[in-house]
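I opened this notebook to keep track of what I looked up, entry by entry. The notes begin with a ligand and what surrounds it.

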Amino acid sequence: MDSTLACLAAWMPRQRWYAAKGRLPSLRLVAWWDLPSAEATDPDARVRTFLVADEGTMPTVLYQIPVVSRATATVDQDPDHIIGSPEPGTTFIDGPFDSAYTSSLLSLLTRGGQGKGPTAHAWGVPTPVAVHDGPRTAQVLTGEQSNTSVIFAATDGGIPIICKIFRQLHPGVNPDIELPTALADAGSSHVPRAVGSVDGSWPDISTSGGSVQGSFAFAQEFLPGVEDAWRVALRAAAGGDDFRDAARELGAATADVHLSLAELFATRTTESADRESTAATWRRRLAIAIAEVPAIAERREAIEAVYAHADSLEWPLLQRIHGDYHLGQVLHVRGRGWVLVDFEGEPLRPMSERTRPDLALRDVAGMLRSFDYVAGSIRLDHPTRPPEAVREWARAARQGFIEGYVERSGVDLRAHGPLLAALELDKAVYEAIYEARNRPTWVTIPLRGIHRLVDRPS
Ligand SMILES: Nc1ncnc2c1ncn2[C@@H]1O[C@H](COP(=O)(O)OP(=O)(O)O)[C@@H](O)[C@H]1O
Ligand SMILES: O=P(O)(O)O[C@H]1O[C@H](CO)[C@@H](O[C@H]2O[C@H](CO)[C@@H](O)[C@H](O)[C@H]2O)[C@H](O)[C@H]1O
């Protein structure tokens, strides 16, 4: 098994979903499960999903790595999708890029079934939407994602499916399954329909002995030919087109989803423990950001003053929220409007925090930051453009979003201005860490946002 772990450890740091960028993982094999159905249809392949813990991080991260193992002489995959050779004559292929894995994953999602290993177990949970049984092609979605998504297009008229394979595993139902499924079941048009999930159990990495249950993958209807709001907004900003009306509709859709979530899941008043834990998260993030992005250190006191002001005022009710809301998480669907995806919450936050009732204003703050990101990205791509015009574009978009949100929700955002400013600032601090780790050339975008927010907090 050492050669398997060595092979995975050498490959993981190059993957977009690998969290500890710039450092080799320190892997321990926690468990694995096999998909025997794959071997029945493709006898040259063995499909094994490894669950490996990176113990070099605090806290330990548990990764899901589906691997197809083939005799090297028979392999014709693109070299970019090859993990490596654990031993001479055997090649490991990144599962989502091999039909032996994708066809058995699809079968689990749409027909049910089981995957088994000595200490881990997986089972498919199809919903009534997963009725179609015809032929499908599989294609991995490329781009900057935290997980790996495969699109299964039907070649004979069935609805296309997108299946997200969660790369980091956490005990409990993943909010990315729980929230959109509840919203879709309640009739919301602002989320895609749920098709099925792969759930399972594995050894608990936080205790010796015992096992936990959680989610391995989730499939939804795929909305073909749509663009995400990030692309739509970027094009509008690049062409100097007004985005205020589109942003107003996005604000209204966001309010609709918040209202539905407040009906479907418990809400509660903010207790002092909630404030303390939120403020502790703000401080913790700020400390990490100062360590990783030294330019933030000089604004430390000013940032803390914005947090202190927010902490001194009344806070609204807590409820379930999206949690990592930005333009890339919203799709523009003709005839249906804005559709929200990726309810998994911020990848850098512990899952226990992401599933708690939270401030709906956190989502509002995330989207407001995202309009600023559009402006920042345009400035990076077109350095000779006058910055005032780009800034004005973002200001109008932010205004439109706020108007749409307030009209639909009835929430007086002005009354919560200092809290919204603190949440925007915290998001910008999060983004600075995220960009420093993933896209260092973009770190100037949140840094500029931080300066603006501390100089003009609300
Ligand atoms: N149901 C869907 N229909 C069409 N495109 C989708 C759908 N779900 C996700 N996408 C596309 O896939 C991208 C990545 O999905 P997301 O849920 O954000 O994954 P990740 O957790 O890996 O970041 C989205 O930004 C969107 O462009
Ligand atoms: O991978 P996820 O979609 O879960 O989200 C992570 O990656 C996002 C970047 O791809 C990051 O979002 C940041 O960049 C966006 C533009 O690419 C911008 O619209 C967002 O405002 C900005 O936060 C997100 O924060 C991160 O969790």
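**Entry on ligand 2.** I began with ligand 2 and found 16 residues around it, of which Glu144, Ser146, His326, Ser370 and Tyr373 come nearest. I keep in mind throughout that I am reading a predicted model. By type, the shell around ligand 2 divides into 5 nonpolar, 5 polar and 6 charged residues. I then asked which helices supply at least two residues each to this shell, and I found helix 10 (361–381) and helix 12. Helix 10 gives the largest share, 3 residues. Domain 1 (2–221) and domain 2 (227–455) both contribute to the shell around ligand 2, so I place it between them.

**Entry on ligand 1.** I turned next to ligand 1, which is surrounded by 19 residues, the closest being Gln145, Asn147, Pro192, Leu223 and Asp342. I sorted the shell around ligand 1 by type and noted 8 nonpolar, 7 polar and 4 charged residues. Here too I looked up the domains, and the shell around ligand 1 takes at least three residues from each of domain 1 and domain 2.

**Entry on Asp342.** I located aspartate 342 in the loop between strand 15 (337–340) and helix 9 (351–354). Its phi is near 65 degrees, which is a positive value in a residue other than glycine. Is aspartate 342 buried or exposed? I counted 22 other C-beta atoms within 10 Å of aspartate 342, and because 20 or more are needed, I recorded this residue as buried.

Between strand 13 and strand 14 (residues 330–333), which run antiparallel, I found 2 bridges. In one pairing that I looked up, glutamate 227 has histidine 332 of strand 14 as its bridge partner.

**Entry on the two domains.** The domain assignment of the chain gives domain 1 (2–221) and domain 2 (227–455), and their C-alpha centres lie 30 Å apart. I found 17 residues of domain 1 in contact with 22 residues of domain 2. On the side of domain 1 that touches domain 2, I recorded 8 nonpolar, 7 polar and 2 charged residues.

**Entry on the cores.** The largest nonpolar core has 71 residues, and within it Val374, Leu425, Val429 and Ala432 touch the most other members. Helix 12 (residues 417–438) provides the largest share of this core, 12 residues. Both domain 1 and domain 2 give residues to this core, so I note that it lies between them. Which residues does alanine 432 contact, if I leave aside its neighbours within four places in sequence? I listed Ala289, Val293, Ile296, Val443, Pro446, Leu447 and Ile450. I also found a second, separate core of 49 residues, including Val68, Leu105, Phe218 and Ala219.

**Entry on a cis bond.** Last, I looked up the peptide bond that joins methionine 58 and proline 59, and I recorded it as cis, with omega about -5 degrees. Proline 59 lies in the loop between strand 2 (46–54) and strand 3 (61–71).

Terms used. Residues are numbered from 1 along each chain as its sequence is written. Chains are lettered from A and ligands numbered from 1 in the order in which they are written. This is a predicted model: local features need pLDDT of at least 70, side-chain atom pairs count only at pLDDT 80 or more; totals for chains, interfaces and linings use all residues. A residue is near a molecule or strand if its C-beta atom, placed from the backbone, lies within 6 Å of it. Ala, Val, Leu, Ile, Met, Phe, Trp, Tyr, Cys and Pro count as nonpolar, Asp, Glu, Lys and Arg as charged, and the others, Gly among them, as polar. Domain bounds come from an automatic or database domain assignment. A nonpolar core is a set of buried Ala, Val, Leu, Ile, Met, Phe, Trp, Tyr and Cys residues joined through C-beta atoms within 7 Å. A residue is buried if 20 or more other C-beta atoms lie within 10 Å of its own, exposed if 12 or fewer, and partly exposed in between; C-beta atoms are placed from the backbone. Helices (H or I, at least four residues) and strands (E, at least two) are DSSP runs, numbered from the N terminus. Two residues are in contact if their C-beta atoms, placed from the backbone, lie within 7 Å. Two strands pair if DSSP finds at least two bridges between them.
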